[in-house]
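Okay, thanks for coming, everyone. I've got one structure to walk you through today, so let me put it up on the screen.

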Amino acid sequence: MSEQTYFDILVVGGGMVGSALALGLSRQGWSVGLVEASDCNALLQAPGKASGVEDFDPRVSAISAASQRLLDQLGVWADITAGRHCPYQTMTVWDGDGTGRIQFEAAELRAPALGTIIENRRIVRALFSALSDSDVGLIDGVKVTGWWQQQNKRGIHLEDGRTLSAQLVVAADGAHSRLRQWVGLPTREWDYDQQAIVCTVRTTQSHRFTAWQRFSPTGPLAFLPLSTETGDEHFCSIVWSQDTEEARRLMALDDGAFRTELENAIERELGAVEVVSRRHAFPLRQRHAKDYIASGFALVGDAAHTIHPLAGQGANLGYGDVRALLGELLRARQAGINPDNDRVLARYQRRRKGENLAMMAAMEGFKQLFGRDELTVRWLRNTGMRWLNQLGPIKNRIAAEAMGLD
Ligand SMILES: Cc1cc2nc3c(=O)[nH]c(=O)nc-3n(C[C@H](O)[C@H](O)[C@H](O)COP(=O)(O)OP(=O)(O)OC[C@H]3O[C@@H](n4cnc5c(N)ncnc54)[C@H](O)[C@@H]3O)c2cc1C
């Protein structure tokens, strides 16, 4: 654990977003401290060997090409993909209440894959492994319990009684960011009144390197393909977002009954669902900070915005924040400007707010569109999906946007 108490930049929260930011900032030459509540040694433990559904991290992310590029520039992509990961070439989206279906193909975009499904802990582990070889002052296994600011000085209090200070403090402490609250940055938020049920399954048919997503009026169900060390193509991570009451009913079912419901909900596209892991339920809430910055302070990742998982974009938006903040702070460093400079931070906010809001609005639109079951709306969306599926250029533009391709 680092004994240093003063840094150019302090990052609070070593999740997928904060740990990437800390690594990138240190590569730029800033003195960086990273505070993470969890124990770093536990994070560094290698993922299991994948002999069964329980070996997989229930939390996985569909990492876009743009996020892949960032992780590659940080020098961790090779480590992340040295073990199990699953690039997918096709994404099939359909309306469970009609005949509309859209298929996105990597080949149509001349890309090797539409994205890569990776267990979250594998990403965090690779980032922490790189951090332990970097100059970042890692302060782990201890929680931040407060924020202080006096004129141009600012910093944080730790639960072990220590006080740290920095020119710039960046909160990457997740959706329930305490720092965001202490600094007093309000959010706009609303409850979807849905929960996402997450678990790993094994199916009788191969996932065919396809991300499957079926919409129903009570919420979307995604089957995201996973690969084992030996290349077994029968594991998927599911994210089943359902209205809260329905989610509670599904969570209460025994494994056999849950499997049957899953098979029916995915219309047996992958044959029978053989096994399911333990299920986890996450309440879904949309949140967006009205401002991402304050004097000597910035928000990144889920601390700034949380979004419905239906398009798998939360971490990708967080990595967009990291790219933008790294870009602005590099320019500042090259010009000899302090990291807490108001204009530097304002430029970061301008670059990110619009893009994040646009993605959140698009997700909300999708959710509303598929949440309606009036006959006319159903007809329109099914006709629209079939029509869109025929329109190569427009369909490919949508896919390229989601992948973060330029
Ligand atoms: C069901 C589901 C499926 C998803 N699927 C996808 C997907 O396919 N693709 C995608 O891009 N995104 C997806 N997401 C979103 C993605 O998981 C999040 O956007 C991402 O994990 C946010 O990362 P983060 O680092 O900002 O926050 P977090 O992962 O929440 O990390 C915050 C860190 O801060 C630490 N911390 C918190 N408080 C303190 C404190 N007081 N002191 C010290 N440390 C602290 C925590 O220990 C934690 O390590 C999904 C989300 C859900 C719920």
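Predicted model: local features only at pLDDT ≥ 70, side-chain atom pairs only at ≥ 80, totals over all residues.

The protein has twelve helices and 20 strands. Of its 406 residues, 46% are buried. If you take the contacts with a separation of 6 or more, 75% of them are between residues 24 or more positions apart.

Now the core. The largest nonpolar core has 103 residues, and the ones with the most contacts inside it are Leu21, Ile238, Ala298 and Val300. So what does Leu21 touch, leaving aside its neighbours within four places in sequence? Val11, Val170, Ala172, Val300, Val322 and Leu325 are in contact with it. Notice that Val300 from the previous list turns up again there.

On to the ligand. There are 32 residues surrounding it, and the closest are Gly15, Gly174, Gly301, Gly312 and Gly314. By class, that shell has 14 nonpolar, 13 polar and five charged residues. Which elements supply at least two residues each? Those are helix 1 (16-27), helix 9 (314-334), strand 2 (32-36), strand 3 (60-63) and strand 12 (187-203). Helix 9 gives the largest share, with four residues.

Last stop, helix 3, which covers residues 65-73. In there, Ala65, Ser67, Gln68, Leu70 and Leu71 are buried. After helix 3 comes Gly75, and its phi is positive, near 80°.

That's my tour, over to you for questions.

Definitions and conventions. Residues numbered from 1 in each chain as written. Buried ≥ 20, exposed ≤ 12 C-beta atoms within 10 Å, placed from the backbone. Core = buried A, V, L, I, M, F, W, Y, C linked by C-beta atoms within 7 Å. Contact = placed C-beta atoms within 7 Å. Near = placed C-beta within 6 Å. Nonpolar A, V, L, I, M, F, W, Y, C, P; charged D, E, K, R; others polar.
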